[in-house]
Amino acid sequence: MFISKETPRNTAISSFFLCRREFYTRAMLFFLVFILFTYPIIHANVYYADDTLHALSNIHWERDGRVLGQLLLLFMGRFATIDYAPLPQIIGLPFIAAALAAFSIRWGYSRISSIICLSFIVCNPFFLENISYRFDGMIMECAVACAIMPFALPFFLPEHSRKSLMPWQLLALFSCLNLYQPALNVYLCLCCLTAILSLLEKKKAGQVANMLIANAITLSLALLIYKLETLILPGGDDYADAHKQTVHSISQIFGNIPGFFQTIAPALIKGPQSIIFSAIIVSGCITLVFRAVRMLRTGSLTPAAGGLVAFCLVALPFCIPGILLLLGCPIHSHRVMIGFGSAAACFITFLLGVAPSFRWRATCLACILAGYGLWSEITLSAAYANALSAQSRFRDQMAQSMVDDAVQLAREAGQPEGASFWWGTRGDEPVAPLALYILRKYEILTDIVLVSYVPPLPAPWMMHDIMLTHGLPANILSTGGMPDRGKSMWKAQQADLQHCAINGSREHGPFITYRIGNSIIVDYDKRCVLHGNGYERVPSPRQNVFHGRMVESSR
């Protein structure tokens, strides 16, 4: 037991140890919540998106500007890109937990409000995709920790002044950019949150404005140094190069906004759970507005400070896409919307307060409502993992049948041994019945579990990689691997399929595999069916539409 004497020095030491003990307690609680959220995905044990390709070949993240991520992956094992899952999916969570514990103590959160409010930074539907990656998950999680760290540094380095902390904050943001650039939007959201909290603590508007300016300068320097770094790095692939070009006018920035908010919308308006979550966020916004108005009336908040609160509140939703608005051709996917959880944490902080008093019924009700929101995100993770697992098993089963079909149809073609064949698909990929039932209840999960069909890429686009793991011969190539030639081949095959000019086929429940010359085509729509000695074009059995995808079941 620690016993202190009544001296200023010993009192300070006692406070220091108590603060550190609280830090460890909060870090452990955050980590337990994150593990509860992550465990269903780990248990599903799925190769997500390009995980299959990464498991079969080397990764070169330095070409995408993620140098630190590449180094972390190499240092994790024996300097090789080996599948170490589930370690990469959980190894970054302790760092986020530690950063949030320090942040919550630094900004005056009580223990219960910190866990309920700030856990949403990880526990949200958009971060599910980030955690799903067996390789990328580690660097995405560490990037979030780096984005939080500039606001947690005063806890770790209490003897440093604000100016002396700036180099460390710059290093944290530069590290974030070298891990996963969209995570920088977490920093933008926390800039708004800390500014509002400072104003509500009755700090002068000028001081808070200077703090925001200092944050903006640090961010600008980090971006400038990172830009200089990318100039000396080796070039990326065509996909990376196409999506890293910046805008050329302000109108392009405004043009990017609708696409990102359409991506966010299902999390707020689709289904009862989303509507409850929206109600929590709106309640937080209303609570902040009422508090600011009350403080303005009593004179504890100056008009300038009130204006600054309003500015940060309006800016907060735009911090979700954040720096992605500056891209000429941004990606509208769930994994880049990391800022959503941070914005949600801000609004729930406004609802509960950093140190709520539970003597009031309204506070207890708000805490229960926010706690239910957090629990619903954890159950959402479990539903997502089950849907993803069902769809992954379904893809594996189809892939094995496709490999057998491709080998047999290629042999029937009578071509010389080792002759090249081109493999592709037509139509949207079939949805596993178990996955479809879950996705109808949780529409926000649809675009994470399923992949949009974009010809001439296969559906799903990683199906050829999955087939390679099932023994697909190397001479059977994907039309998606050569975009220009693939497009011309796809157009030619469309004409042949229109007239059912087919040389051979194999039929299965979810699809039919055709051979047209040296092309092997998997038709999910099953438009050409063998009747007697010839093929006839028939209506597709998939007549129902689910999120723009053709499916067989309407239930």
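Predicted model: local features only at pLDDT ≥ 70, side-chain atom pairs only at ≥ 80, totals over all residues.
## A helix across the sheet

## Strand S1 and its partners

S1 (residues 421–426) runs parallel to S5 (residues 519–523), and 5 bridges join the two. Going along that pairing, Trp423 stands opposite Ile520 in S5, and Arg426 stands opposite Asp523 in S5. With S2, S1 also pairs in the parallel sense, this time over 3 bridges; here Trp422 stands opposite Leu477.

How many of the residues of S1 are buried? The count is 6 of 6, so to speak a strand that is mostly covered. In a regular strand, side chains alternate between the two faces of the sheet. In S1, Phe421, Trp423 and Thr425 point one way, while Trp422, Gly424 and Arg426 point the other way, and all are buried.

## The nonpolar cores

The largest nonpolar core takes in 164 residues, and Phe34, Phe103 and Ile148 have the most contacts inside it. Helix H18 (residues 361–412) supplies the largest share, 19 residues. Both domain 1 (18–356) and domain 2 (390–551) contribute, with at least three residues from each.

Take Ile148 as a look inside. Setting aside its neighbours within four places in sequence, Ile148 is in contact with Ile96, Ala99, Leu100, Phe103, Ile121, Val186 and Leu190. Phe103 in that list is another of the residues with the most contacts inside the core. There's also a second, separate core of 10 residues, including Ile502, Ile512, Ile516 and Tyr535.

## Where the two domains meet

The domain assignment of the protein chain gives domain 1 (18–356) and domain 2 (390–551). Their C-alpha centres lie 39 Å apart, and 16 residues of domain 1 are in contact with 13 residues of domain 2.

The size of an interface is often given as the accessible area lost when the parts come together. Between domain 1 and domain 2, the buried area is about 1,200 Å², and carbon and sulfur atoms give 73% of it. On the domain 1 side, Ala49, Thr52 and His334 lose the most area to domain 2, together 31% of what that side buries.

Is Ala49 buried or exposed? Ala49 is buried, because its relative accessible area of 11% falls under the 20% cut-off.

Cys500 lies in the loop between helix H22 (483–498) and S3, and with a relative accessible area of 8% Cys500 is buried.

Then there are the cis peptide bonds. The bond from Ala85 to Pro86 is cis, with omega near 10°, and Pro86 is found in the loop between helix H3 (67–76) and helix H4 (87–90). The bond from Ala459 to Pro460 is cis too, with omega near -10°; Pro460 is found in the loop between helix H20 (446–449) and helix H21 (463–469).

## An enclosed helix

Why can helix H6 (residues 111–118) be called largely enclosed by the rest of the structure? Because 6 of its 8 residues are buried. The buried residues in H6 are Ser113, Ser114, Ile115, Ile116, Cys117 and Leu118.

Key:
Residues numbered from 1 in each chain as written. Heavy atoms only, no water. Core = buried A, V, L, I, M, F, W, Y, C linked by side-chain atoms within 4.5 Å. Buried < 20%, exposed > 50% of the residue type's maximum accessible area, 1.4 Å probe, protein only. Helix = DSSP H or I, 4+ residues; strand = E, 2+ residues; numbered from the N terminus. Domains from an automatic or database assignment. Contact = heavy atoms within 4.5 Å. Pairing = 2+ DSSP bridges. Buried area = accessible area lost by both parts, 1.4 Å probe.
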